[in-house]
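Please look over the sequence and the structure shown below, and keep both at hand while reading. The briefing that follows goes from single residues to the whole chain.

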Amino acid sequence: MTTHLTHWGAFEAVSDGQRLTEVRAWRGDPEPTPLIGNIASAQHHPTRIAQPHVRAGWLDHGPGAPGRGEDPFVPVTWETALDLMAGELRRVYRTFGAESVYGGSYGWASAGRFHHALSQLHRFLNCLGGFVHSVNDYSMGTCKVLMPYVLGDMNWLYSHFTAKSVIAEHTELVVAFGGLSPKNQAVAPGGASRHHRREWIATAQARGCRFVSISPLRDDMPTEAQAEWLAARPGSDAALMLALAQVLDAEGLADNAFLDRYTVGFDRFAAYMRGASDGVVKDPAWAESITGVPAARIRGLARDMAGARTLVTVSWSLQRAEYGEQPVWLGVVLAAMLGQIGLPGGGFGHGYGCSATVGEPTRQLEVPRVAQGTNRVSTYIPVARIADMLLTPGAEYDYNGQRLTFPDIRLVYWCGGNPFHHHQDLARLRRAFDHPDTVVVHDPFWTATARYADIVLPATMSIERDDYGAGTNDRMFFAMPALTEPAGQARDDYTIFADLAERLGVAQAYTEGRTSGEWLRHLYEQWRAEHSTPGFVVPSYDEFWAGDGLELPVVEPAQVLFADFRADPDVHPLTTPTGRIEIYSDTIAAYGYPDCPGHPVWLPPREWPDDPAVQRFPLHLIANQPKTKLHSQLDIGAYSRAAKIAGREPVRLHPDDATARGLHEGQIVRIFNDRGSCLAGLVIDDAVCAGVAQLSTGAWYDPDPADPSFCRHGNPNVLTADRPSSSLSQGCTGHYALVQIEPYGANLPPLTVLDPPPTRP
Ligand SMILES: Nc1nc2c(c(=O)[nH]1)N[C@H]1C(S)=C(S)[C@@H](COP(=O)(O)OP(=O)(O)OC[C@H]3O[C@@H](n4cnc5c(=O)[nH]c(N)nc54)[C@H](O)[C@@H]3O)O[C@H]1N2
Ligand SMILES: Nc1nc2c(c(=O)[nH]1)N[C@H]1C(S)=C(S)[C@@H](COP(=O)(O)OP(=O)(O)OC[C@H]3O[C@@H](n4cnc5c(=O)[nH]c(N)nc54)[C@H](O)[C@@H]3O)O[C@H]1N2
Ligand SMILES: [Mo]
């Protein structure tokens with residue numbers, strides 16, 4: 001048995017050298033996830049890319065030839081592919097410069113820190129002169145921009161939110177906007193070792209802690225929480241939070257001493273909340289009409305919050321929407337009004353239900369990783385502006401107080417991500433992908449993005465190479481020896497870049513003369529020299545490699561967010577501009593953005609049910625993270641396929657909504673709006689509130705050849721809008737859209753995405 005790490009957990013496997021013959025959860029994991037069931041079945045699936053491929057039109061007519069996404073692919077040798085690639089990189093860098101290469105390459109790739117696909121791509125492109133990069137992510141694209149103005153840097157916050165063990169011991173009331181999703185707590189970037197969701201929530205519950213979940217899905221809260229469920233209308237949380245705040249204010253329940261000492265700008269916000277600035281009092285009656293939550297229930301909850309040690313948590317999903325700043329900022333304001341920030345179990349949290357490692361004890365050390373070098377190109381985009389960049393080079397736009405210009409991209413290089421999974425309005429993305437001369441993809445699988453590329457290079461899966469890794473803020477650092485040989489002709493991204501670097505005359509800069517095995521040892525030894533301290537002796541590389549994971553030291557006792565700040569805000573100021581919690585931000589106000597003013601407000605999303613333009617689409621689409629996989633990864637795996645209905649992604653609907661449409665369980669339905677449509681298999685379930693359709697992300701995009709806006713498999717991103725969250729953050733808004741559902745009458749079209757694309761000899 002050899003241990004290996006994935007984003008969804010560690011596992012142990014037996015291998016015959018080619019494939020995994022037995023897979024079971026790592027023995028140290030008390031609550032392993034069934035997601036490990038996708039790995040072995042996916043490894044040799046027909047959609048594994050067997051060898052390098054070049055799109056026929058590109059091969060015959062050169063860069064920019066039409067036919068991307070339509071032409072067959074020509075299988076070629078590695079020699080040919082690498083020669084073509086090197087020639088094309090040389091042409092683009094010489095003719096158009098580094099500013100014409102987009103290497104943002106957003107995506108989760110695999111666990112394993114050396115063979116981290118994006119890091120290797122960035123290092124390689126930096127050796128060639130740099131590339132246009134992306135900032136932020138799809139996960140927290142809005143709050144990462146907002147938080148530095150309000151609470152402080154989000155990367156720091158991520159590993160310093162009050163520990164779950166502290167919540168389990170002290171919190172009396174958890175008010176969870178977006179729930180505490182059990183499926184999402186299985187996953188963490190870079191890996192999760194000891195899952196213990198049931199344990200911390202059940203401990204809190206048994207002690208008498210009450211959980212209230214504000215969410216369109218009952219199962220966004222684990223059963224062990226025995227939560228009360230408040231099904232507010234999706235997208236309305238800011239209104240609900242304003243009304244909770246208004247009750248605290250009007251009933252004298254707000255902690256004014258806390259607001260005075262630790263925050264700035266409450267008065268400006270209060271004028272809005274009380275109706276002084278716009279004539280509308282944001283009271284529970286006002287919020288009832290927006291949220292659908294009875295005013296009495298809102299008032300009761302506000303009083304309960306003031307009477308208990310209360311933790312306000314907001315999931316990242318709420319900010320993956322238009323004006324996504326508002327519910328996050330208001331969550332902070334609510335917690336500030338309760339005056340419990342910095343106390344054990346009270347205050348604010350962001351992301352407890354989003355990742356296994358939010359609320360884990362803060363890790364004292366980073367793990368070794370490869371340096372990406374220096375990017376000489378300063379041009380970047382907020383990551384979700386990819387289609388805008390490709391469609392409108394030269395156009396100007398606002399971002400975080402700046403006026404930026406989209407560059408003119410000739411070559412797109414993707415390694416470790418799947419934009420035809422993660423981006424919104426896929427038909428528009430497809431038009432955008434027509435713009436560059438050349439699209440290059442490395443991936444183990446024929447993902448939709450690989451099918452839209454010109455040069456496709458087969459990458460190894462993490463189980464096919466030596467590596468090591470630890471999740472962000474996870475305390476276990478694992479050696480990850482290769483479990484099998486690479487499938488087909490797959491090569492490590494590192495080896496591919498090293499061969500390209502050789503052809504382009506930058507081999508020394510890229511490899512520094514090391515093989516990947518030598519790099520692993522070198523980076524480890526460097527790290528060991530830096531981190532061997534009397535309290536923590538790092539074992540030799542050989543001991544580490546032979547061991548079953550190294551336990552890294554964490555801060556003890558477990559952290560309470562902002563305990564220092566509470567003790568003395570002058571000695572321990574926040575990293576915000578004023579050092580205080582900013583309920584009003586002068587900096588944001590000065591930007592003058594109507595879609596993100598200086599204090600939090602309620603702004604209805606542009607697609608809001610009152611609008612006659614969208615009345616044809618009365619259902620809120622919840623395109624959340626999938627339960628049976630990580631994003632689009634291993635959607636061909638056994639555990640993911642087992643949940644499909646006639647091969648299509650399941651969509652869940654409330655019984656009343658199904659009856660009203662004459663739909664029955666297991667039926668194939670068509671989900672549509674003005675942007676696109678997709679097929680899905682119907683599951684009728686009263687865990688979904690009425691008026692909501694839940695279709696998770698991750699089904700491999702399988703467009704009708706005649707209509708790229710119609711996905712035959714059930715990818716919700718044909719339905720979502722490619723609209724920014726706001727001028728401040730320019731984040732993605734994949735978590736909010738309106739749709740309609742009807743029976744699918746026509747003959748069920750076959751899926752093509754489970755087979756490799758057509759090839760030409
Ligand atoms: N509508 C809607 N859309 C969303 C979201 C939503 O809530 N709603 N959520 C968004 C969020 S939060 C995220 S993070 C994104 C996720 O979007 P992505 O991170 O792009 O999704 P993944 O499916 O994880 O893509 C990773 C790709 O890397 C490949 N890969 C794995 N290992 C390797 C390797 O070693 N080398 C190479 N070259 N490739 C490798 C995998 O096969 C896979 O194709 O999706 C976003 N999209
Ligand atoms: N199994 C699994 N786990 C994952 C991932 C995965 O792909 N699979 N992806 C990981 C990644 S990259 C990320 S970023 C995190 C994401 O973590 P989140 O963003 O929290 O995850 P989601 O599943 O998108 O959304 C959580 C819940 O929010 C609720 N919700 C949606 N809209 C609203 C709203 O307007 N108001 C309220 N109150 N609730 C709403 C939905 O019911 C949804 O189920 O998850 C991580 N965990
Ligand atoms: Mo994410």
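Leu-343 counts as partly exposed, because its relative accessibility is 22% and buried means under 20%. The model in which this value was computed is a predicted one. Leu-343 is found in the loop between helix H14 and strand S13, and, when residues up to four places away in sequence are not counted, Leu-343 touches Arg-309, Val-560 and Arg-566.

- Although Leu-343 and Ala-356 are 13 residues apart in sequence, their C-alpha atoms are 23 Å apart in space.
- Glu-360 has its place in the loop between strand S13 (347-350) and strand S14 (380-382), and it counts as buried because its relative accessibility is 13%.
- The C-alpha atoms of Glu-360 and Ser-165 are separated by 8.1 Å, while the two residues are 195 residues apart along the chain.
- Once its neighbours within four places in sequence are left aside, Glu-360 is in contact with Lys-164, His-196, Asn-473 and Gln-559.

**Helix H5 and what covers it**

- Helix H5, which runs over residues 143-150, is mostly covered, with six of its eight residues buried.
- The buried residues of H5 are Cys-143, Val-145, Leu-146, Met-147, Tyr-149 and Val-150.
- Their cover includes helix H6 (154-158), helix H14 (325-338), strand S13, strand S15 (396-399), strand S23 (581-582) and helix H24 (586-591).
- After H5 comes Gly-152, which has a positive phi near 130 degrees.

**Backbone details in loops**

- Tyr-323, in the loop between strand S12 (310-314) and H14, has a phi near 55 degrees, which is a positive value in a residue other than glycine.
- Tyr-323 is buried, because its relative accessible area is 13%.
- Asp-425 is not a glycine either, yet it has a positive phi of about 50 degrees, and its place is in the loop between helix H16 (419-422) and helix H17 (426-432).
- Asp-425 is buried, because its relative accessible area is 11%.
- The peptide bond that leads from Glu-556 to Pro-557 is cis, with omega near -5 degrees, and Pro-557 lies in the loop between strand S22 (550-551) and helix H23 (563-567).

**Nonpolar cores**

- In soluble globular proteins, nonpolar side chains tend to be buried together.
- The largest nonpolar core of this chain has 235 residues, and those with the most contacts inside it are Phe-124, Leu-151, Phe-177, Tyr-413, Phe-477 and Ile-671.

**The chain as a whole**

- The chain has 26 helices and 31 strands, and its C-alpha trace spans about 75 × 70 × 50 Å along its principal axes.
- A compact globule of 761 residues would have a radius of gyration near 27 Å, and the 25 Å of the chain agrees with this.
- Of the 761 residues in the chain, 64% are buried.
- Among contacts between residues at least 6 apart in sequence, 76% join residues that are at least 24 apart.
- The accessible surface comes to about 25,500 Å², and 50% of it belongs to carbon and sulfur atoms.
- There are 63 positive and 85 negative side chains in the chain, and the centres of these two sets lie 2 Å apart.

Definitions and conventions. Residues are numbered from 1 along each chain as its sequence is written. Chains are lettered from A and ligands numbered from 1 in the order in which they are written. This is a predicted model: local features need pLDDT of at least 70, side-chain atom pairs count only at pLDDT 80 or more; totals for chains, interfaces and linings use all residues. Side-chain values use heavy atoms; hydrogens and water are left out. Helices (H or I, at least four residues) and strands (E, at least two) are DSSP runs, numbered from the N terminus. The radius of gyration is taken over C-alpha atoms; the globule rule is 2.2 Å times the number of residues to the power 0.38. Buried means under 20% relative accessible area, exposed over 50%, partly exposed in between (1.4 Å probe, protein chains only). Contact means heavy atoms within 4.5 Å. Accessible areas come from the Shrake-Rupley method with a 1.4 Å probe; for residues, only the protein chains shown count as cover. Lys and Arg count as positive and Asp and Glu as negative; His and the chain ends are not counted. The place of a charge is taken as NZ of Lys, CZ of Arg, CG of Asp or CD of Glu. A nonpolar core is a set of buried Ala, Val, Leu, Ile, Met, Phe, Trp, Tyr and Cys residues joined through side-chain atoms within 4.5 Å.
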